Amino acid sequence: MKTISENRAFNGVQGVYTHASDSCGCDMTFGLFLPEEAEKEPVPVLWYLSGLTCTHENAMVKAGAQKWAAEAGIALVFPDTSPRGDDVANDPAYDLGQGAGFYLNATEEPWAPHFRMWDYVTEELPRLLFNAFPVAEERQAITGHSMGGHGALTIAMSFPGRFQSVSAFAPIANPTASDWGRKQFTAYLGADEAKWTPHDATLLMRRRGFDGPMLIDQGGSDQFLDLLKPEALAEAMMARRQNGVFRMQKGYDHSYFFVASFIEEHVGFHARALYD
């Protein structure tokens with residue numbers, strides 16, 4: 001692992017690191033904010049998964065989460081959204097290929113050799129993180145925006161007991177019924193729709209739910225509402241009587257202005273669960 005940068009922030013350290021990934025078969029970069037408390041003991045950690053076209057840097061720079069994480073004494077991890085490199089398959093469209101890993105393990109060519117973001121985010125990066133930094137493995141939470149909200153929800157529901165809480169900003173909530181999902185799942189996983197269901201938050205909510213508190217924020221003026229399908233997830237949460245809150249935020253769109261407006265509440269929500 002190599003250190004790209006480390007900057008003092010809110011009495012903690014915002015770092016950027018790169019390492020050779022076995023899962024993705026390329027170098028991967030991630031951001032990590034450690035609060036001041038990490039100088040003395042391992043701290044809880046909140047994973048932040050970003051959306052389409054993003055790198056590790058978007059949320060790290062735009063969300064403004066470090067201030068609130070520092071006050072709560074929790075770490076923030078910002079993984080990249082896909083493998084990258086000259087030998088990594090790509091597509092001219094913004095919603096497929098590099099920058100659009102969808103947090104799954106591709107089985108179809110030309111994606112299969114590198115697009116294994118599920119293994120990277122759930123196995124390889126956590127292993128590296130807990131071995132190299134003062135972060136408490138037993139106290140984890142996860143959040144994300146758009147495609148990253150999709151990833152946060154599906155990962156949280158697929159690993160019972162790992163995460164104390166989960167939240168999402170404008171998640172792709174029902175991808176098996178959306179062009180933001182059907183296109184990518186066909187490309188990455190093939191035409192058999194049975195292979196898609198483990199990566200659909202609405203279907204997972206109907207089947208198993210989440211074993212902790214959940215918070216979903218959706219902008220009421222989001223330009224991608226028809227692709228996100230928040231109503232499907234809201235209905236599934238209600239039918240399961242999920243311990244959670246789903247909020248439609250009037251006038252907000254899909255941008256990082258929306259995320260930054262509510263990130264304080266999300267960090268506080270996770271801090272309460274992590275320190276409960």
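Reader: Where does Pro 110 lie?
Author: Pro 110 sits in the loop between β5 (75–79) and α3 (117–132). Helices (H or I, at least four residues) and strands (E, at least two) are DSSP runs, numbered from the N terminus. The model is predicted: local features need pLDDT of at least 70, side-chain atom pairs count only at pLDDT 80 or more, and totals for chains, interfaces and linings use all residues. Residues are numbered from 1 along each chain as its sequence is written, and side-chain values use heavy atoms, with hydrogens and water left out.

Reader: What is omega for the peptide bond from Glu 109 to Pro 110?
Author: Omega is near 5° there, and the bond from Glu 109 to Pro 110 is cis.

Reader: What makes the phi of Phe 10 worth a remark?
Author: Its value is near 50°, which is positive, and Phe 10 is not a glycine. Phe 10 is found in the loop between β1 (2–9) and β2 (12–21).

Reader: Why is Phe 10 called partly exposed?
Author: Buried means under 20% relative accessible area, exposed over 50%, and partly exposed in between (1.4 Å probe, protein chains only). Phe 10 has 47%, so it counts as partly exposed.

Reader: Which phi does Ala 170 have, and is Ala 170 buried or exposed?
Author: Phi of Ala 170 is about 45°, positive although the residue is not a glycine. Its place is the loop between β7 (163–169) and α5 (179–189). The relative accessible area is 0%, so Ala 170 is buried.

Reader: How do you know that Phe 169 is buried?
Author: Its relative accessible area is 0%, so Phe 169 falls in the buried class. Phe 169 lies in strand β7. Leaving out residues up to four places away in sequence, Phe 169 touches (heavy atoms within 4.5 Å) several residues, among them Tyr 48, His 145, Asp 217, Ile 263 and His 266. Phe 169 also forms one aromatic cluster with Tyr 252, Phe 258 and Phe 262.

Reader: Why is His 199 called buried?
Author: At a relative accessible area of 10%, His 199 is therefore buried. His 199 is in the loop between α5 and α6 (201–207). Its contacts, not counting residues up to four places away in sequence, include Tyr 103, Trp 118, His 150 and Phe 185.

Reader: How many aromatic pairs does a search of the whole structure find?
Author: The search finds 15. Rings of Phe, Tyr and Trp (its six-membered ring) pair if their centres lie within 6.5 Å; planes under 30 degrees apart count as stacked, over 60 as edge-to-face and the rest as tilted.

Reader: What makes the pair of Phe 102 and Phe 185 edge-to-face?
Author: The centres of the two rings are 6.1 Å apart and their planes stand at 85°, so the pair is edge-to-face. The pair links distant parts of the chain, 83 residues apart: Phe 102 is in the loop between β5 and α3, and Phe 185 is in helix α5. Both Phe 102 and Phe 185 are buried.

Reader: Why is α2 called roughly parallel to α9?
Author: Helix α2 (residues 65–72) and helix α9 (residues 256–274) pack at about 30°, with axes 9 Å apart. Angles under 35 degrees count as roughly parallel, over 145 as roughly antiparallel, 65 to 115 as roughly perpendicular and the rest as oblique. That angle therefore makes α2 roughly parallel to α9.

Reader: Which residues make the contact of α2 and α9?
Author: From α2 come Ala 65, Trp 68, Ala 69 and Ala 72; from α9 come Ile 263, Glu 264, Val 267 and Ala 271.

Conventions:
Axes are lines fitted to C-alpha atoms, for helices over the stretch in contact, and angles run from 0 to 180 degrees between N-to-C directions.
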